[in-house]
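Please look over the sequence and the coordinates before reading on.

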Amino acid sequence: MSAQLEASVLGLTPRTDVGRGSRRTRGMTRAAWLFIAPFGIFYILFMIWPVIYMIITSFFNTSLVRKGFGSFAGVANYHEMLTRPDFWSALWHTIQFTIYTTPPLVILAFVFAVLANRVQHGQWFFRLAFFVPFILPSAAIALIWTFIFTPSTGLWNSFQALLGDQNPLPVLGTPSIAMVGIAITTLWWTIGFNFVLYLAGLQDIPRELYEAAAVDGATQWQQIRAITIPLLSRTTTLVLLLQIIASMKIFDQVYLMTGGGPGISTQVLLGLITGTAFTDNRIGAASAASVLLFIVIVIITVARQVITMVQERRAARND
Amino acid sequence: MTEQTASGQTTAGQSADARRKFSNGVSAAAPPQAITVGKHGSGRTFVVVSWVILIVFAVLWLIPSLWAIKTSLTSNSTSAIGAGPILKDWHLTLGSYKTLLSSGDIWNWYLASFVTSILTVIFAIGFSSMAAYALSRMNFRGRRWVFLLFIGGILVPSQVLIVPVFQELNVVGLLNTYWAVILPQIPTVIALFVFKQFFDNIPRDYEESARLDGAGYWRIFRSIVLPLSRPVIAAMAIVTFVGTWNNLILPLFVLSNPKLMTIPVGLATVQGSFGQRLSDIQASSILGALPLVILFLIFQRQIVEGFAGSGLKG
């Protein structure tokens, strides 16, 4: 297509066109592969090969301390993982974390963005307050919040004491609420990303719609309900699914704040995987767990693609 | 709440009047002024309520950072006692910062983070824009397959690949080098797709005239396509920079030499090694975060647009 276009632009006669066209195509093919090669090589080395290696080793007793794949294990690694109670508890903690974080991260981000978009002035201040934490290293976030959650002397417990609770529970040291502490930290840390996605979505809504609604006597709340929420539904789907995928991959906060503890009450899947690989030296078993997590994330991602496609088709039909 | 709706209704009535007045008069396109008047009226309570809610939450959101800053400026002996004393003690001291900056560790972390992040950005942005250019502008056999193969990368979360990537780096003997942090982060599929979408929308005429002058693909890419793409390059470069700078899981497992540790890994070791020196710990988290805050203040727009446009979430 583009070769034809170029030839026609060059104004060549049909005969030379054919000859030049094929040489040009060959030259273009070579150039194309040269342009793709640098990215392609790294893509193969650090995306494709690791995936293949992960799948292969999940069927072997591969270890960190021995060279090679080790002995063939068949599906033993998968069988072990799927029958290990701590695998299921890690999966449950991952889901628990997703349940704790997703609703507030979507709803609050939506509210903040709609309000910030309405007030017009001072948006830089809200971006600073809500978005800056998102670009800070998780390790710095963890230091700040572990300090806030320090038993009895920390800001959190001091505040609880101020409110009259004289023996507040240590947040990160109590199995039943440690994950809540991690979720609060994550809410504070990552809401800015969703906030910014919603702000971007709001930019796409034509002002005239609101103006027309105002003319028709719609109150601000009616405008939000009838215009903003429906027109942001695609952004909401995006935010929701990105949030679920990100939550499934949670590692940093748990590793840094509780190390999976107390006990294994906050152990998540990536924590279990790295623990099995680097502490127990069992690459094969860790790979099996990685493959299982990988499958879960792929399913969510594919669901996201399908939902987006359906929404786009519906939007196209409505236009 | 009732007051709000009440005022909304009265002003809505006014704006309806305004509309009627205008529809008698000029054309439908005319009345922007009337609408602004109407909106201001109906929204006043709403705007006030919005402001109050937003400011309350913004302040709530600022407290942890401000608390960390305040603690870092308090002496270790005071901060060890608890929240009350930290709040009351206003003899601010830079002692913690002096200790950290003179210890040398933090400078090693900064160096490691700068070297690895900048090299990753250069390779990642250079290579992904080249590949995107080929996929967007050239016709060749297998293009569709290459495209599908790269699209598949979106499905692969890099964190899940930590074990095989570690093994791979181990086999070639790259563990405990900066390359172990840089190389695995070079193939950034998201940047490739953002570039491709941008390139797809550059009019072909720009290239055609250059081609008439005898320019090759590389010349066209470098002197026409890349300069046109400066805003996307800036956005993607900054998003990649922030991502590599903040990456914890990869350097955590491939770097064990304290001299080579990046800031996130260094900070991860702080809590245990600093014991009760709470002010020093908070000062180190502030120092670790500082470069990114500065980056944000300089490149606000590119950062915000970059993250929003790429849909990239950690």
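The questions start from the conventions and then go through the chain interface, the domains, the annotated spans and the backbone.

This is a predicted model, in which local features need pLDDT of at least 70 and side-chain atom pairs count only at pLDDT 80 or more, while totals for chains, interfaces and linings use all residues. Residues are numbered from 1 along each chain as its sequence is written, chains are lettered from A and ligands numbered from 1 in the order in which they are written, and side-chain values use heavy atoms, with hydrogens and water left out.

Q: What area is buried between chain A and chain B?
A: Contact, meaning heavy atoms within 4.5 Å, links 106 residues of chain A with 108 residues of chain B. Buried area is the accessible area (1.4 Å probe) that two parts lose on being put together, summed over both. Carbon and sulfur atoms give 79% of the area between chain A and chain B, and the total is about 9800 Å².

Q: Which residues of chain A lose the most area to chain B?
A: Together, the three residues in question account for 9% of what the side of chain A buries. They are A:Phe35, A:Phe39 and A:Phe147.

Q: Which helix gives the largest share of the side of chain A that touches chain B?
A: With Ala, Val, Leu, Ile, Met, Phe, Trp, Tyr, Cys and Pro counted as nonpolar, Asp, Glu, Lys and Arg as charged, and the others, Gly among them, as polar, this side divides into 76 nonpolar, 21 polar and 9 charged residues. Helices (DSSP runs of H or I, at least four residues) are numbered from the N terminus, as are strands (E, at least two). The largest share, 23 residues, comes from helix 2 (residues 14-57) of chain A.

Q: How many residue pairs are in polar contact across the interface of chain A and chain B?
A: A salt bridge is a side-chain nitrogen of Lys or Arg within 4 Å of a carboxyl oxygen of Asp or Glu, and the count between chain A and chain B is 0. A polar contact is a pair of N or O atoms within 3.5 Å; within protein, one must be able to donate a hydrogen and the other to accept it, and residues adjacent in sequence count only if both atoms are side-chain atoms. With both residues at pLDDT 80 or more, the number of such pairs is 9.

Q: Which three residues supply 58% of the area that domain 1 of chain B buries against domain 2 of chain B?
A: An automatic or database domain assignment gives domain 1 (34-95) and domain 2 (103-314) of chain B, and their contact takes 9 residues from domain 1 and 8 residues from domain 2. The area buried between these domains is about 650 Å², with 57% from carbon and sulfur atoms. The three residues are B:Ala68, B:Ser72 and B:Asn76.

Q: How far apart are the end C-alpha atoms of residues 109-133 of chain B?
A: The unreviewed UniProt entry, whose positions are given in the numbering used here, with shortened feature names and annotations that may be inferred rather than shown by experiment, annotates this span among its transmembrane regions. The span is 100% helix and 0% strand, and the distance is 35 Å.

Q: Where does A:Pro262 lie?
A: A cis peptide bond joins A:Gly261 and A:Pro262, with omega of about -5°. Most peptide bonds are trans. A:Pro262 lies in the loop between helix 12 (252-257) and helix 13 (269-279) of chain A.
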